[in-house]
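Thank you all for making the time this morning.

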Amino acid sequence: MTYSSVCHPSRLVRATVRRKALNMSSALAASVLVCAVCFNAILSIVNGHVVALARVHVVLAEVTIYAGAIAIIVSYADRKMWPWLLLALFIVSTGLLISAGNGAFNAKYVRDVLVIPIFIMLGMTYQGNSFALPFLTLHTIIVTVAVFEVVSPYAYAELFKILSYYINTRDFSAQSFWNTGSTLFVSATRPGTRFFSFVEWHRVSSVFLEPVSLGNYCAIAAALIVASWYEMNILVKLYLIGSTFFLLVACDGRLAAISILVIVLVGVLRNVTGRWSVSYLPVILFLAAGYVWTFSNGQVSDNFSGRITSTIDALSQLDVLGLMGLNAATAESVADNGIVYFILSQSLIGVVVIWLAICLFAPNWTAASRSYVHGIMIFIPLNLLVSYSFFSIKIASLMWFVYGYRYMKDLVDETRYARDRVVDPAMYPAAHDRVVGL
């Protein structure tokens, strides 16, 4: 026992209380994250085997998740959360102004982007030494359900009763599920050429109930794997790589496959400041427009090239009212054109502010954090070219939770580094700043 602890036993008490509080906040935050990712699977089981649900029950479930997240954030608030609290206030204010301009309030448009600051702040309350255990737990749940679905599609369909769930809780009709021989999600048994033609499986969905979100999860998992590459042992690396590849093939994710390839390539930028990611959205839009104008024949089809053509065409037709968010009612009609939906529902000013905030406030102290930021910031514009699935809480919650966790960890490490460097400058050479990319 040290002299300071003998003379000041209250320090030990305070340290113990603080450690327990941090452990509690971490456990609660991780629990809310798991619920955000898996709640649709739970509701579908309830709908299929307990009581029929309606859209209002899904809304209430999401509201409960947000309420739980906000309660944790308030209980473990930190002044470092101020930038994200201000972003949340900006999002709500912009939503109210757009609603006033359109003469109607659509809570979905606010919820779409409020997930960003809420789950960033929730991730900041996770104070564990590593996010590996929660992620591995969540990943294993997803892989296990996916294996179950591949091995026994009939049992999976009977357990989740996906057709019934989406008809009861979404704007789907029985006619939307054109394959009457299946009760899986409408896009799980699509006709035509498959992206991964060497397997005969249907498009697997796991806990997400639909394959697009599983593909998006694979891209986020890839960003995490690349960012944490030097923090994992060989067995964890092999497990994550193998299982993520299995999930990618199983869901037949075209966009996910392209995104993962790009994420791996930008992994070389781990020593380049993440703030350069602010250029990714405009650059990718510019390159996509150049591709369409140079190589596209103008035909819109259900493939990556056709979806890009559709998005650039819709983007070029935006008028002043659309850019100001005063034509938000048309946003739902361009759901497959993610960036157009983003602008119509948030206004161009809203999109610019949100994008600048998440890029310029990005965690930037460690190589792992920079690598993660580069990965997700390259994924977002690629996703926005072909859909608006990036806004789904099932995926966005995980993506922004990890962002927030690394944001807080970097701030703490930076403060500790500055303090320790004053105590012993020889241990912290100035060259470190150049490696960080400051």
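Let me begin with the contacts: among those in the protein between residues at least 6 apart in sequence, 76% join residues at least 24 apart. Please keep in mind throughout that what you see is a predicted model. The protein has 18 helices and zero strands, and of its 438 residues, 49% are buried.

With that as background, let me turn to some pairs of helices, starting with α3, which covers residues 55–75, and α5, which covers residues 107–124. The axes of these two helices come within 9 Å and cross at roughly 35°, and the crossing in which α3 passes α5 is left-handed. On the α3 side the contact is made by E62, I65, Y66, A69, I70, I72 and I73, while α5 brings R111, V115, I118, F119, M121 and L122. Sorted by class, this contact of α3 with α5 has eleven nonpolar residues, two charged ones and no polar ones.

The second pair is α6, residues 132–151, and α10, residues 234–251, whose axes lie 11 Å apart and which pack at an angle of about 40°. At that angle, α6 and α10 are therefore oblique to each other, and here again we have a left-handed crossing, with α6 passing α10. From α6 the contact takes in F135, L136, H139, T140, I142, V143, A146, V147 and V150, and from α10 it takes in V236, Y239, L240, S243, T244, F246 and L247. The residues of this contact of α6 with α10 divide into twelve nonpolar and four polar, with no charged residue.

Where they meet, G338, I339, F342, W355, I358 and C359 in α15 face M377, I380, P381 and L384 in α16. By class, the contact of α15 with α16 has nine nonpolar residues, one polar residue and no charged residues.

One of those residues, P381 in α16, leads us to another part of the chain. P282 and P381 are 99 residues apart in sequence, and yet their C-alpha atoms are 8.6 Å apart in space. P282 itself is found in helix α12, which runs over residues 280–295, and P282 is partly exposed, with a relative accessible area of 47%.

For a contrasting position, let us look at N40, which is found in helix α2, residues 9–49. Is N40 buried or exposed? N40 has a relative accessible area of 2%, and because the cut-off for buried is under 20%, N40 is buried. Leaving aside its neighbours within four places in sequence, N40 is in contact with Y165, R170, L209 and K394.

Y165 then takes us to our last stop, helix α8, residues 162–169, whose buried residues are I162, Y165, Y166 and T169. These cover an arc of only 90° around the axis, so they are on the same side of α8.

Technical notes: Residues are numbered from 1 along each chain as its sequence is written. This is a predicted model: local features need pLDDT of at least 70, side-chain atom pairs count only at pLDDT 80 or more; totals for chains, interfaces and linings use all residues. Side-chain values use heavy atoms; hydrogens and water are left out. Helices (H or I, at least four residues) and strands (E, at least two) are DSSP runs, numbered from the N terminus. Buried means under 20% relative accessible area, exposed over 50%, partly exposed in between (1.4 Å probe, protein chains only). Contact means heavy atoms within 4.5 Å. Axes are lines fitted to C-alpha atoms, for helices over the stretch in contact, and angles run from 0 to 180 degrees between N-to-C directions. A crossing is left-handed if the near helix is turned anticlockwise from the far one by less than a right angle, and right-handed if clockwise. Ala, Val, Leu, Ile, Met, Phe, Trp, Tyr, Cys and Pro count as nonpolar, Asp, Glu, Lys and Arg as charged, and the others, Gly among them, as polar. The arc is that of the directions from the helix axis to the C-beta atoms. Angles under 35 degrees count as roughly parallel, over 145 as roughly antiparallel, 65 to 115 as roughly perpendicular and the rest as oblique.
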